[in-house]
Amino acid sequence: MEKTAEDYMYDDQADERDAAWAESELLKGGKTDAVLSCPQCLVQICFVCQRHARFADQFRALSVKHCEIREELFVYGRRGLLEPKTKATPEQAEVFRLVECSKCQARVGVADADGVYHLFNAVAGM
């Protein structure tokens, strides 16, 4: 029986190779509590993260994918909402930068001065 083009396109080992690549390249041997995706376009933005101790829908991570960090500085105001940093902002206030999905510009979290990402607007999956 002669092989067709469909026979050459089928690879029964592809899933195993893809899973091995994802584990070696994306997880880098780290333990993760979830794989995070953008809530608007569902592109994956984080593969290794830790769930917040108090808030189950918040995560922190040392690296993200498919994200952009904005230059504007923000602080958390009295009501816990992000507000732009102004001259009236106290000197000791912790400063953050917005983190947005690079595909759809949805706000997915913030980055602190230490380079830690705090992701609170993401879809968690495994």
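Analyst: The side chains of D33 and K31 form a salt bridge, with N and O 3.5 Å apart; the term stands for a side-chain nitrogen of Lys or Arg within 4 Å of a carboxyl oxygen of Asp or Glu. This is a predicted model, in which local features need pLDDT of at least 70 and side-chain atom pairs count only at pLDDT 80 or more, while totals for chains, interfaces and linings use all residues. Residues are numbered from 1 along each chain as its sequence is written, and side-chain values use heavy atoms, with hydrogens and water left out.

K31 is exposed, at 71% relative accessible area, whereas D33 is partly exposed, at 29%. Here buried means under 20% relative accessible area, exposed over 50%, and partly exposed in between (1.4 Å probe, protein chains only).

The structure holds four salt bridges. One of them joins R70 and E68, at 3.3 Å from N to O. R70 is partly exposed at 27%, and E68 is partly exposed at 30%.

Another salt bridge pairs E71 with R97, whose closest N and O atoms are 3.7 Å apart. This pair links distant parts of the chain: E71 lies in strand β5 (residues 67-76) and R97 in strand β7 (residues 96-101), 26 residues apart. Strands are DSSP runs (E, at least two residues), numbered from the N terminus. E71 is exposed, with a relative accessible area of 62%, and R97 is partly exposed, with 30%. Salt bridges with shared partners also join E68, R70 and E100 into one network.

Terms used: Helix = DSSP H or I, 4+ residues; strand = E, 2+ residues; numbered from the N terminus.
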